[in-house]
Amino acid sequence: MQALLSFENAPPFAAPLRFFLTAPLFAILAGLLLAWNGPPLMASRWMPGALAATHLVTVGFMLQVMLGALIQILPVVAGANLRHPLRVARIVHVGLSAGGVLLAAGFLIDPPGMLGFAALLLGGTLLYFLAVCVQALVGVPSTSPTIRGLKLALIGLAAVVGLGMLMAFALTYGWSVPLSALADLHAGWGLGGWAGVLLVAMAYVVVPMFQLTPGYPARPSWWFPVAMLLLLLLWSGGVLGNLDGLVRLSQGLAAIAGIAFCVVTLRLQGQRRRARADATYRYWQLGLVASVFALLMLLISSLWPAASELEGWTIGFGILIVAGGFMPFITGMLYKISAFLSWLHLQNFGQAKIPAPAMNKILSDTDCQRQMVAYVVALALLLAAVIVPDWLARPAGLAFALANAWLFWNLAGAVRRYRRAQAEMAEKLAAL
Amino acid sequence: MTTIRSFMTDDHRRCDDFFADAEQAIGKNNMAAARAAFEHFQSAVLAHFECEEKTLFPTFEAKTGMSMGPTQVMRMEHQQMRDLLGDARNAIESGDIDDYLGLAETLLIMMQQHNMKEENILYPMCDQHLSAELPAVLERLEMELRDE
């Protein structure tokens with residue numbers, strides 16, 4: 001409730017912004033790594049370069065934006081106020097960024113102990129973040145599927161971090177654990193239980209409200225996050241009990257649930273009442289279509305495990321779900337939230353005496369749509385590189401780095417215009 | 001059962017519909033229809049603000065004693081949206097489509113995040129604290145919105 005009490009409690013722009021500006025830099029690093037490492041990186045998911053690039057994107061890009069956005073929106077969607085949001089943002093941002101770099105370096109050059117140290121740093125940072133969120137969410141009733149989804153997603157975050165730490169320590173200290181099964185489970189909790197449930201919880205809000213579509217069907221909305229978490233628990237049980245059938249059953253069902261969500265969202269978007277297709281909407285469409293294909297691959301490999309032995313299958317799946325699915329969703333929303341927050345903070349700064357420039361003056365849709373074309377080219381190259389890595393791995397990496405550099409340029413431009421507008425408004429306020 | 005939350009949420013959606021009508025008309029380059037739809041939108045939103053500020057919020061404040069709390073923040077956001085509405089109206093009347101679309105986008109997001117707070121937090125609080133007064137409050141809200 002306190003979140004509504006005053007604007008002073010709203011997080012300052014600097015809190016989420018640091019995450020939003022850092023995220024593209026990690027994606028650039030991942031692209032450069034592929035360009036530098038070349039075809040060997042795409043030979044197997046276990047290649048040091050592949051592990052490093054994956055985590056540069058998932059921890060450095062995805063997690064970075066997700067946590068920054070959560071700090072901003074917990075008060076809005078759940079009425080859950082973080083105490084000292086700027087302090088939380090500073091600590092989490094430093095821990096996450098340093099941890100992300102060290103983790104990638106740990107995979108790539110493997111100096112003794114670095115992997116374990118990176119895991120400790122990331123684990124500690126995320127434990128702190130989780131504690132802060134739980135503190136804010138205690139006593140907040142789940143009055144909407146979004147609030148319930150947010151809470152359950154945090155359980156997914158705890159699980160993916162716990163599993164990641166376990167594997168990092170196992171590698172550091174030579175513990176004997178079933179690494180392959182655990183890595184799948186870690187990815188399942190990360191992409192399904194955390195990122196997936198969080199995305200779905202956000203979609204319940206952002207799809208109907210900003211695209212003016214009909215709402216998601218109520219009952220399935222309440223149950224989707226719960227079902228996803230139960231399936232992941234089932235999967236975990238399968239790994240613990242060494243029951244391959246149970247693992248495959250839960251993977252298959254999770255894939256079906258994910259496809260159902262994507263299809264429902266595509267159908268809702270088909271009924272949207274907004275006249276224009278902006279970059280955010282297009283990015284969502286891209287993400288949904290790519291996710292459907294990725295999840296079909298997961299479904300196929302759960303029915304026919306030999307599929308995942310096919311050359312390039314797992315790498316192709318990873319690219320489709322992460323670079324094709326999650327990154328477009330995140331980038332699309334990142335554009336919208338950055339422009340809106342710029343406006344909102346300028347509006348408050350103007351004290352209702354000086355008008356703030358509208359969102360499109362801060363970040364124009366044309367710039368975002370152009371960047372999206374570059375991103376689509378990069379994604380197509382990445383997917384083609386799975387088939388002909390010798391020819392395309394390096395160009396794909398370079399294209400991916402460039403598309404994300406463009407994203408950074410667009411966001412930094414918005415911040416520059418924000419600062420300029422603020423300076424002009426300050427002059428006008430002083431002259432009043 | 002009708003609650004404050006369901007009743008007021010329905011009115012939010014009604015305002016959204018008018019907003020969409022205006023944007024659709026602009027998409028079809030029909031400025032006369034766009035102006036008419038915007039006028040509907042503006043008066044629906046203003047009527048919604050008014051019935052909250054004159055009836056719902058004061059009743060809530062009297063009952064809970066929270067006069068500087070959530071309702072105060074909602075009032076401030078109403079003012080921000082009134083300003084945006086005014087600017088958007090000027091833009092649409094002078095036929096400046098680009099400006100209108102930018103302001104409308106800003107207004108839509110401002111409005112939706114505001115609605116989210118009301119629908120998920122404030123209205124459930126109202127339903128909880130005003131359960132005894134519910135039928136009377138709903139009747140007044142209904143009357144005020146009809147008279148708009």
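Mentor: Terms first: helices (H or I, at least four residues) and strands (E, at least two) are DSSP runs, numbered from the N terminus. On that basis, chain B has 5 helices and 0 strands. Read from the N terminus, the order in chain B is α-α-α-α-α.

Some ground rules. The model is predicted, so local features need pLDDT of at least 70 and side-chain atom pairs count only at pLDDT 80 or more, while totals for chains, interfaces and linings use all residues. Residues are numbered from 1 along each chain as its sequence is written, and chains are lettered from A and ligands numbered from 1 in the order in which they are written.

Now the overall form of chain B. The C-alpha atoms of chain B fill a box of roughly 50 × 30 × 20 Å along the principal axes. The radius of gyration is taken over C-alpha atoms, and the globule rule is 2.2 Å times the number of residues to the power 0.38. For 148 residues a compact globule would come out near 15 Å, and the 16 Å of chain B agrees with that.

Next, burial. A residue is buried if 20 or more other C-beta atoms lie within 10 Å of its own, exposed if 12 or fewer, and partly exposed in between; the C-beta atoms are placed from the backbone. In chain B, 39% of the 148 residues are buried.

Contacts need a cut-off too. Two residues touch if their C-beta atoms, placed from the backbone, lie within 7 Å. Among the contacts in chain B with a separation of 6 or more, 70% join residues 24 or more positions apart.

Now the side that faces chain A. The contact takes 28 residues from chain B and 27 residues from chain A. On chain B, the elements that give two or more residues to it are α1 (4-27), α3 (70-93) and α4 (97-129). The largest share, 15 residues, comes from α4(B). For the classes, Ala, Val, Leu, Ile, Met, Phe, Trp, Tyr, Cys and Pro count as nonpolar, Asp, Glu, Lys and Arg as charged, and the others, Gly among them, as polar. The side of chain B that touches chain A then has 12 nonpolar, 10 polar and 6 charged residues.

Across the contact is chain A. Chain A has 13 helices and 0 strands. The C-alpha trace of chain A spans about 70 × 45 × 45 Å along its principal axes. With 432 residues, a compact globule would have a radius of gyration near 22 Å, and the 21 Å of chain A agrees. Buried residues make up 53% of chain A. Of its contacts with a separation of 6 or more, 77% link residues 24 or more positions apart.

Then the cores. A nonpolar core is a set of buried Ala, Val, Leu, Ile, Met, Phe, Trp, Tyr and Cys residues joined through C-beta atoms within 7 Å. The largest one has 178 residues, and A:A30 and A:L74 have the most contacts inside it. Helix α10 (residues 313-349) of chain A gives the most to this core, 21 residues. Beyond its neighbours within four places in sequence, A:L74 touches A:A80, A:L82, A:C133 and A:A136. Apart from this core lies another, of 15 residues, including B:F60, B:V73, B:M74 and B:Y123.

Stay with α10(A) for a moment. The expected span of a helix is 1.5 Å times one less than its number of residues. The 37 residues of α10(A) reach 52 Å from first C-alpha to last, close to the expected 54 Å. A bend is the angle between axes fitted to the seven residues ending at a residue and the seven starting there. α10(A) bends by about 35° at A:M327, with a proline, A:P328, following within four residues. Of the 37 residues in α10(A), 33 are buried. Just past this helix, A:Q351 has a positive phi of about 50°.

A:H84 lies in the loop between α2 (48-78) and α3 (85-109) of chain A, and its phi is near 50°, positive although the residue is not glycine. A:H84 counts as exposed because 12 C-beta neighbours lie inside 10 Å. A:N242 lies in the loop between α7 (218-240) and α8 (244-270) of chain A. Its phi is near 60°, again positive in a residue other than glycine. A:N242 is exposed, with 10 other C-beta atoms within 10 Å.
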